[in-house]
Amino acid sequence: MAGERRAPVLRLRGVRKTFGSELVLDGIDLDVYEGEVVVIIGPSGSGKTTLVRCIDQLESIDAGAMYLDDELLGFELVGGRLRPMSERSVNAQRRRMAMVFQQFNLFPHKKVIDNVTIGPIQSRGQVPADATRRARVLLERVGLGDKMQCYPRQLSGGQQQRVAIARALAMEPRIILFDEPTSALDAELVGEVLDVIQELAREGMTMIVVTHELRFAREVADRCVFMERGRIIEVGPPAQIFGQPRSERLRTFLSELQNLTGLDAGREDRHAVR
Amino acid sequence: MVNRGRRERTGRFSEDVVIDVSTARPPLRVWRLIATAIVLLIVARMLLFLIQTPNFQWDVVAQYLTFPSILHGLLVTIVITISCTALSIFLGTPIALCRLSPVLALRAVGGAYVWLFRGLPALVQIVFWFNLAYLLPRISLGIPFGPVLHSWSTNKVISPFVAALLGLGLTEAAYMSEIIRAGILSVDPGQRDAARSLGLGALKTFFLIIVPQAMRFILPPMGSQLIGLAKSTSLVSVVATSDLLFSVEVIYARTFEVIPLMLVACFWYIVIVSILFLLQVYLERRFSQGRMGARSHGAWWPWGRHRPAVASGIDLG
C-alpha cells in the first residue's frame with residue numbers, strides 16, 4: 001500500500017460495538033492515510049453508518065481502539081489505567097474531525113452563513129469577522145455564495161447538503177466523514193453533491209465516504225471497503241473491488257445491486273455527463 | 001359576457017365557444033346568508049341585554065374600575081402571575097432535564113416531583129403552605145445530617161403571599177416541566193449529533209441549538225398554561241391575599257353590588273389574559289425563524305390577513 005511510510009491519520013484496531021445483544025461492529029481494522037479517500041460500501045445493516053458515528057464519537061465503542069494522528073480517541077491513560085475522557089476532551093477531538101450526515105442536520109433556525117460559522121466561533125473560538133470571511137469563501141466554493149442569508153428550509157436538498165459540507169470544511173478538519181451524503185436526495189440532486197465531494201478529493205482532503213453510489217465509489221475512491229454484518233470482508237483499490245471481487249459475498253452484493261438499480265445506472269450516467 | 005355559451009340540450013357547450021372559468025359568477029350561497037343572519041340576530045339580542053338590563057349597573061362598574069384598592073389587587077394578581085411564571089420556568093426546566101437524564105436517581109426525583117405536585121390541587125397546596133407552621137414551627141437551612149446554618153420562624157417566612165407563590169408556583173412548575181420536556185423531545189436527535197460533531201459542549205448545544213428549536217413546541221402550550229395560571233391566582237383569595245378577586249369581594253361585602261364588581265374583576269382578568277395572548281403570538285413569531293411562511297405575516301397582532309394553515313408554519317416536508 002502506498003502510504004506505509006507515514007503514520008495514518010486514522011487508525012482503527014479491533015473496533016467492536018454492540019447494541020443490546022446485537023454485535024454491530026465485529027473487530028474493524030482500518031488505516032486511513034493523509035489525502036486518502038476511503039469509500040465504504042455494503043448492504044444496509046452492515047454497520048457502515050455505525051462505524052463513522054463511532055469514529056466521530058457520537059457512539060461509544062465497546063472494544064478495540066481508535067487513533068487520530070496517533071492520539072487515542074475517547075480514552076486516556078491516567079496513572080497507568082485506561083478511562084473514558086471528559087466530555088471537554090472528547091469535544092476537542094471532535095473539532096479535528098467533521099461529519100456530513102445523511103439528513104444534512106443543518107440548524108433550521110440559523111441562516112446558512114450562521115450554520116457555517118457556528119462551529120468556528122462557538123467551538124474553535126474564532127473571531128466572528130474571520131469566521132464569516134472564511135465561511136463566505138467556503139460557500140462560494142460549494143456554489144452557494146448567493147444563498148448565505150437564506151434559511152436551510154428555503155434550499156433544495158442538494159443545496160442543503162452542500163451547506164453541510166461547507167460547515168464541515170469550516171472546522172478545518174484532519175478528516176471528513178460522509179455518512180451516505182446522497183441517500184436522502186432526489187435523483188436529480190445527487191450529482192451536484194457528488195461533484196463537490198469529488199472536488200475535495202482532488203484537492204487532497206482525507207475522507208471516509210459511506211455510500212450506495214457505486215459508480216461514484218469507483219471514480220473517487222483510493223481504496224474501497226466492503227462491509228457486511230459488522231465486518232470488513234474485502235479492502236482494495238476500486239478496480240479490484242468492482243473488477244475482480246475475491247469474496248463470494250461481494251460478488252453477490254454487486255450483482256444484486258446491478259439487477260436492482262437499472263435506474264441507478266441512469267442517474268450515474270447523468271452525473272458522469274455533468 | 002360575450003363568451004357565455006349557447007347551451008345545447010345536452011348541457012354541453014358548442015365547441016366554437018372559448019371557455020374561461022374566470023368569467024364565472026359566484027353562486028348565491030343561501031345557507032351562508034342564513035347562518036350569518038342568525039349570528040347577527042343573536043349578537044344584537046345579547047348587546048341589547050347587556051345595555052338594557054339595569055342590574056348590570058354599568059355606572060357602578062365604571063366607578064370601581066380604577067378604584068385604588070382594586071388597582072392594588074390587580075397589581076398583586078399581576079405580581080403573583082409573574083413570580084409564579086418565573087418560579088415555574090426556573091424550577092420546571094431543571095425538572096424536565098432531570099426527567100431526561102441518564103441517571104436513574106435524577107429521573108426518579110423528576111418523575112416523583114411531577115407525580116406529586118401535578119396530583120395535588122393548587123387550592124389544597126395554598127392552604128397547606130399557609131398552615132405550615134403547625135407542622136414545622138421553625139424552618140432551618142443546613143446540610144442534611146450536618147450543621148444548621150440558620151433558622152427562621154415559619155410564621156414570619158410564610159406570609160399569605162409566599163403561601164400563594166409556593167402553592168401555585170410549585171404546581172405550575174410540574175406542568176411546565178412536562179411542557180418543556182415535550183419541547184426538548186420534539187427536536188430532531190440529528191440536531192444534537194450535528195452540534196456534538198462540531199465539538200460544541202453540552203451547555204452550548206442546549207442553549208444555542210436545542211432551546212431555540214424547542215421553543216416552537218413549548219410556546220403554544222406554555223401560553224395556555226400561563227393564561228390558566230393568571231386565572232388560578234384568584235385561588236389565593238382564600239388565604240386573605242389581597243389580590244384582584246379579594247379586593248372586589250371586600251367591596252361588595254359592604255355595598256352588596258355583587259354583579260357590577262364581578263364585572264370589574266372580569267374586565268381586568270380579560271385584560272391580563274389578552275396581554276399574555278399577545279405576548280405568546282409575539283414570541284411564537286420570534287422563534288419561528290427559518291420556518292417557511294413565518295415572516296410573511298405583515299402585522300404583529302394576531303388578527304392579520306387570513307393565511308391557510310400550510311403557510312403559517314406547519315411543515316409538511
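pLDDT is the predictor's confidence in each residue, from 0 to 100. Keep that in mind, as this is a predicted model: local features need pLDDT of at least 70, side-chain atom pairs count only at pLDDT 80 or more, and totals for chains, interfaces and linings use all residues. Residues are numbered from 1 along each chain as its sequence is written, chains are lettered from A and ligands numbered from 1 in the order in which they are written, and side-chain values use heavy atoms, with hydrogens and water left out.

Confidence, then. The model scores ipTM 0.88 and pTM 0.80. Chain A has an average pLDDT of 90, and 93% of its residues score at least 70. Chain B averages 85, with 87% of residues at 70 or above.

Where does pLDDT stay under 50 in chain B? One stretch is residues 1-5, with four contacts beyond four places in sequence; a contact means heavy atoms within 4.5 Å. Another is residues 293-317, where the model has 24 contacts beyond near neighbours in sequence. In chain A, pLDDT is under 50 over residues 263-274, and that stretch has 19 contacts beyond four places in sequence.

Now the interface. It takes 25 residues from chain A and 22 residues from chain B. The size of an interface is often given as the accessible area lost when the parts come together. Here the two chains bury about 2,200 Å², 54% of it on carbon and sulfur atoms. Buried area is the accessible area (1.4 Å probe) that two parts lose on being put together, summed over both. R196(B), S197(B) and L198(B) supply 28% of what chain B buries against chain A, more than any other three residues.

What about polar pairs? The rule finds nine residue pairs in polar contact across the interface, both residues at pLDDT 80 or more. A polar contact is a pair of N or O atoms within 3.5 Å; within protein, one must be able to donate a hydrogen and the other to accept it, and residues adjacent in sequence count only if both atoms are side-chain atoms.

Which elements of chain B touch chain A? Helices α9 (189-197) and α10 (202-232) each supply at least two residues. α9(B) gives the most, with seven residues. Helices (H or I, at least four residues) and strands (E, at least two) are DSSP runs, numbered from the N terminus.

Next, salt bridges: a side-chain nitrogen of Lys or Arg within 4 Å of a carboxyl oxygen of Asp or Glu. The interface has one. D193(B) pairs with R53(A), at 2.8 Å, N to O. Over all chains, the search finds 23. Take R13(A) and D31(A), with closest N and O atoms 3.0 Å apart. R13(A) lies in strand β1 (residues 10-19) and D31(A) in strand β2 (residues 22-32) of chain A, so the pair ties together parts 18 residues apart in sequence.
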